[in-house]
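Work through the exercises below with the sequence and the model side by side. Try each task before reading its solution.

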Amino acid sequence: MNRPIKFRIWDANHKKMHYSGLKDPAAAIAVSIYDNSGHKWIEVMQFIGKNDSKNKPIYEGDIVSYFEYVELGDKTKYVRVVKFCEGLSSFGMARNFHEDCCNYFWEGVVSGITVVGNFFENPELLNENNI
């Protein structure tokens, strides 16, 4: 496997994403940490091994947009959240963070995909108007 293994952490207490210092695969073991009240305050997300159309690394939890061509000249814009899909045993995309994946990553989509935010800092990007 040639893809880099790296992670990022969402710190819910401080509402901040941390990217540095998490290139060790062992960090994935700490998928979540809870405080004494049972509140989950850290979420670890993995790099999916692909960059978007602007060469930005794509991580679990990222919100991405892309176009699919439906008919001659017609295209539809999609906004999806990136997540690991158990059923596909791979990373894919879903309409929201709680839904099963409806798309998976293939070269035709990845070449035109753009990271527009992430689920933790920009949840409003995943509204009901998205196809």
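**Exercise 1. A loop residue**

In which loop does Asn-55 lie?

Solution. Asn-55 lies in the loop between strand 4 and strand 5 (57-59). Strands (E, at least two residues) and helices (H or I, at least four) are DSSP runs, numbered from the N terminus. Next, check the backbone. Phi of Asn-55 is near 70°, a positive value in a residue other than glycine. Most residues other than glycine have a negative phi. Last, check the cover. Asn-55 counts as exposed because its relative accessibility is 56%. The cut-offs are these: buried is under 20% relative accessible area, exposed is over 50%, and partly exposed is in between (1.4 Å probe, protein chains only).

Before going on, note the ground rules. Residues are numbered from 1 along each chain as its sequence is written, and side-chain values use heavy atoms, with hydrogens and water left out. This is a predicted model, in which local features need pLDDT of at least 70 and side-chain atom pairs count only at pLDDT 80 or more, while totals for chains, interfaces and linings use all residues.

**Exercise 2. The overall plan**

How many helices and strands does the chain have, and in what pattern?

Solution. Count the elements: 1 helix and 10 strands. Then read along the sequence: β-β-β-β-β-β-β-β-β-α-β. Buried residues make up 37% of the 131 residues in the chain. Now look at contacts (heavy atoms within 4.5 Å). Of those between residues at least 6 apart in sequence, 46% join residues at least 24 apart.

**Exercise 3. A hairpin**

Describe how strand 7 (residues 74-85) pairs with strand 8.

Solution. Start with direction: the two strands run antiparallel, joined by 5 bridges. Two strands pair if DSSP finds at least two bridges between them. The bridge partner of Val-82 is Met-93, in strand 8. The two strands form a hairpin with 4 residues between them. In the turn, Ser-89 has a positive phi of about 55°. Strand 8 (residues 90-94) is mostly covered, with 4 of its 5 residues buried.

Is Lys-83 buried or exposed? Lys-83 lies in strand 7. Lys-83 counts as buried because its relative accessible area is 14%. Leaving aside neighbours within four places in sequence, its contacts include Phe-91, Asn-96, Glu-99 and Asp-100.

**Exercise 4. Aromatic pairs**

Why does the pair of Trp-10 and Phe-120 count as stacked?

Solution. The structure holds 5 aromatic pairs. Rings of Phe, Tyr and Trp (its six-membered ring) pair if their centres lie within 6.5 Å; planes under 30 degrees apart count as stacked, over 60 as edge-to-face and the rest as tilted. The centres of Trp-10 and Phe-120 are 5.5 Å apart and the planes are at 20°, so the pair is stacked. Trp-10 lies in strand 1 (residues 7-11) and Phe-120 in the segment after strand 10, so the pair ties together parts that are 110 residues apart in sequence. Trp-10 is buried, at 7% relative accessibility. Trp-10, Phe-119 and Phe-120 form one aromatic cluster.

Now compare Phe-84 and Phe-91. Their centres are 5.5 Å apart and their planes at 85°, so this pair is edge-to-face. Phe-84 is partly exposed at 33% relative accessibility, whereas Phe-91 is buried at 13%.
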